[in-house]
Amino acid sequence: MARRCPECYAELPEDAVWVCPTCGYTLRTPGAAKVGIVFMVLGLVLLGAFVYGPERIGLTSGLVPTDLARLMIVNFPLLVLGTFGIGAFLVAAAALKLRSEHARVAAA
Ligand SMILES: [Zn+2]
């Protein structure tokens with residue numbers, strides 16, 4: 001049985017994986033986008049922890065080796081930016097991939 005686009009119910013050709021060729025509906029979200037969103041959320045959580053106070057979230061409770069905990073607290077802004085940056089990069093990469101697929105479909 002042929003797959004159908006959930007948006008316009010047009011039959012989908014075999015090679016339509018990401019974008020419906022009829023209406024341009026995004027059929028599937030690239031995995032990178034989902035991972036990227038997880039990273040961005042994690043970055044926001046870390047940002048919240050940073051605002052709350054990195055030394056107050058239990059890093060120094062003995063759960064994490066003291067040296068590592070101190071290193072994390074010192075580099076916390078970097079940690080937040082890095083995590084959020086990775087997420088933003090993955091989401092942007094996925095968005096670009098979808099955009100190129102849209103362009104390919106539009107040109108066909
Ligand atoms: Zn469609």
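Among contacts in the chain between residues at least 6 apart in sequence, 52% join residues at least 24 apart. Two residues are in contact here if their C-beta atoms, placed from the backbone, lie within 7 Å. The model is predicted: local features need pLDDT of at least 70, side-chain atom pairs count only at pLDDT 80 or more, and totals for chains, interfaces and linings use all residues. Residues are numbered from 1 along each chain as its sequence is written.

The secondary structure consists of three helices and zero strands. The order of elements from the N terminus is α-α-α. Helices (H or I, at least four residues) and strands (E, at least two) are DSSP runs, numbered from the N terminus. The C-alpha trace spans about 60 × 25 × 20 Å along its principal axes. The radius of gyration of the chain is 21 Å, whereas a compact globule of 108 residues would have a value near 13 Å. This radius is taken over C-alpha atoms, and the globule rule is 2.2 Å times the number of residues to the power 0.38. Of the 108 residues in the chain, 12% are buried. A residue is buried if 20 or more other C-beta atoms lie within 10 Å of its own, exposed if 12 or fewer, and partly exposed in between, with C-beta atoms placed from the backbone.

Helix 1 (residues 31-52) packs against helix 3 (residues 76-107), their axes coming within 7 Å and crossing at roughly 160 degrees. Axes are lines fitted to C-alpha atoms, for helices over the stretch in contact, and angles run from 0 to 180 degrees between N-to-C directions. Helix 1 and helix 3 are therefore roughly antiparallel to each other. The cut-offs are under 35 degrees for roughly parallel, over 145 for roughly antiparallel and 65 to 115 for roughly perpendicular, with the rest oblique. The crossing of helix 1 past helix 3 is left-handed. A crossing has this hand if the near helix is turned anticlockwise from the far one by less than a right angle, and is right-handed if clockwise. The residues of the contact of helix 1 with helix 3 comprise 21 nonpolar, four polar and no charged. Ala, Val, Leu, Ile, Met, Phe, Trp, Tyr, Cys and Pro count as nonpolar, Asp, Glu, Lys and Arg as charged, and the others, Gly among them, as polar.

Phe 39 lies in helix 1. Phe 39 is buried, because 20 other C-beta atoms lie within 10 Å. Beyond its neighbours within four places in sequence, Phe 39 is in contact with Thr 83, Ile 86, Gly 87 and Leu 90. Leu 71 is 32 residues from Phe 39 in sequence and 21 Å away in space, C-alpha to C-alpha. Phe 76 belongs to helix 3. Phe 76 has 18 C-beta neighbours inside 10 Å and so counts as partly exposed. Its C-alpha atom is separated by 7.0 Å from that of Phe 50, 26 residues apart along the chain.

Thr 60 lies in the loop between helix 1 and helix 2 (66-74). With 15 C-beta neighbours inside 10 Å, Thr 60 is partly exposed. Leaving aside neighbours within four places in sequence, Thr 60 is in contact with Glu 55, Thr 66 and Ala 69. Thr 60 and Leu 27 are 33 residues apart in sequence and 46 Å apart in space, C-alpha to C-alpha. Thr 66 is in helix 2. Thr 66 counts as exposed, with 10 C-beta neighbours inside 10 Å. The C-alpha atoms of Thr 66 and Ala 93 are separated by 37 Å, at 27 residues apart along the chain.

Tyr 9 lies in the segment before helix 1. Tyr 9 is not a glycine, yet has a positive phi of about 65 degrees. Most residues other than glycine have a negative phi. Tyr 9 counts as exposed, with 11 C-beta neighbours inside 10 Å.
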